[in-house]
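Me: I'm new to this one. Can you walk me through it?
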Amino acid sequence: MYIINVKKPPLDNPKVRQALMMGIDRKTLVGKYLQGVKTSTGAIVPPGIPGYTAPEGLPFDPKEAKKLLAEAGFSDTSRFPNFSLKYNTDAQHQLVAQVLQQMWKEHLGINVSLINEEWKTYSKSRDLGDYDLCRLAWSGDYLDPNTFLELFLSHSPYNSTGWGSPAYDRLMGQASVESNSARRFSILRQAETILLSEAPVFPLFVETKFYLVRPYVKGVFPNLQDIHPLKDVYIEN
């Protein structure tokens, strides 16, 4: 995903952020440029959590994106202020940044510069909010939507975007004390819908892993946390 510094104009305008998100063709990014080995997504919470279905997020829609930009005062996108994408050194990270740069130029007529930093410098820049848009990835610590959604609470130490929503915080607080799992997931889905609609973060794709398992090896199942207890694995006679 890319996180957005919402304190920097014009990225402080939700319509601008929504337009940029809708100018990204995630399916083409994954299918053409990443050889189809990732799973494109418009949501923050990845698939695989039993009982939870994430909202779809903003679609790829350049026509609507241009309309939103015009409403934000940028009917002439050639006058859109230059901004930058920051990413840490890695061939895939560089490719993704280049593809986003190309898509925004092609679909919206917006120019963006790329900034590559080594991990230590990049990590500090991200934590201090020294960026316009900055690459971020996250692996869940436990099997629950909260491990992803809590990142964007207004008081979260991981939230360097400057974005905060009282409604989002309130829903997350409600979910934390809700004992009924169905109602809790419904509340979390409402919170994620707010997050995706205000677009302080651009989800792009979910990582995947590949395994070779002999047909006679049983008890190995794919799961979100990639945990495979050997006590459940056996050889079929």
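This is a predicted model: local features need pLDDT of at least 70, side-chain atom pairs count only at pLDDT 80 or more; totals for chains, interfaces and linings use all residues.

Me: Helices first. At what angle do α2 and α4 pack?
Reply: About 130 degrees, with the axes 11 Å apart. Helix α2 spans residues 26-33, and helix α4 spans residues 91-108. That angle makes α2 oblique to α4.

Me: And is the crossing of α2 and α4 left-handed or right-handed?
Reply: Right-handed.

Me: Which residues in α2 and α4 meet?
Reply: From α2, Thr28, Leu29 and Tyr33. On the α4 side they meet Leu95, Val96, Val99, Gln102 and Met103. By class, this contact has six nonpolar residues, two polar and no charged.

Me: New topic. How many cavities of 30 Å³ or more?
Reply: One. The largest cavity has a volume of about 30 Å³.

Me: What lines the largest cavity?
Reply: Met21, Gly42, Gly57, Leu58, Leu196, Ala199, Val201 and Pro203.

Me: How does that lining split by class?
Reply: Six residues are nonpolar, two are polar and none is charged.

Me: Backbone now. Is the peptide bond from proline 9 to proline 10 cis or trans?
Reply: Cis, with omega near 0 degrees. Proline 10 sits in the loop between β1 (2-4) and α1 (14-22).

Me: What about the phi of glutamine 35?
Reply: Positive, at about 55 degrees, although glutamine 35 is not a glycine.

Me: Where is glutamine 35 found?
Reply: In the loop that joins α2 and β2 (39-40).

Terms used
Residues are numbered from 1 along each chain as its sequence is written. Side-chain values use heavy atoms; hydrogens and water are left out. Axes are lines fitted to C-alpha atoms, for helices over the stretch in contact, and angles run from 0 to 180 degrees between N-to-C directions. Helices (H or I, at least four residues) and strands (E, at least two) are DSSP runs, numbered from the N terminus. Angles under 35 degrees count as roughly parallel, over 145 as roughly antiparallel, 65 to 115 as roughly perpendicular and the rest as oblique. A crossing is left-handed if the near helix is turned anticlockwise from the far one by less than a right angle, and right-handed if clockwise. Contact means heavy atoms within 4.5 Å. Ala, Val, Leu, Ile, Met, Phe, Trp, Tyr, Cys and Pro count as nonpolar, Asp, Glu, Lys and Arg as charged, and the others, Gly among them, as polar. On a 1 Å grid over the protein atoms alone, a cavity is a set of points where a 1.4 Å probe fits but cannot get out, and a pocket is an open set with protein on both sides within 12 Å along at least five of seven lines; lining residues have an atom within 4 Å of a point. Grid points are joined across faces, edges and corners, and a volume is the space filled by probe spheres set on the points.
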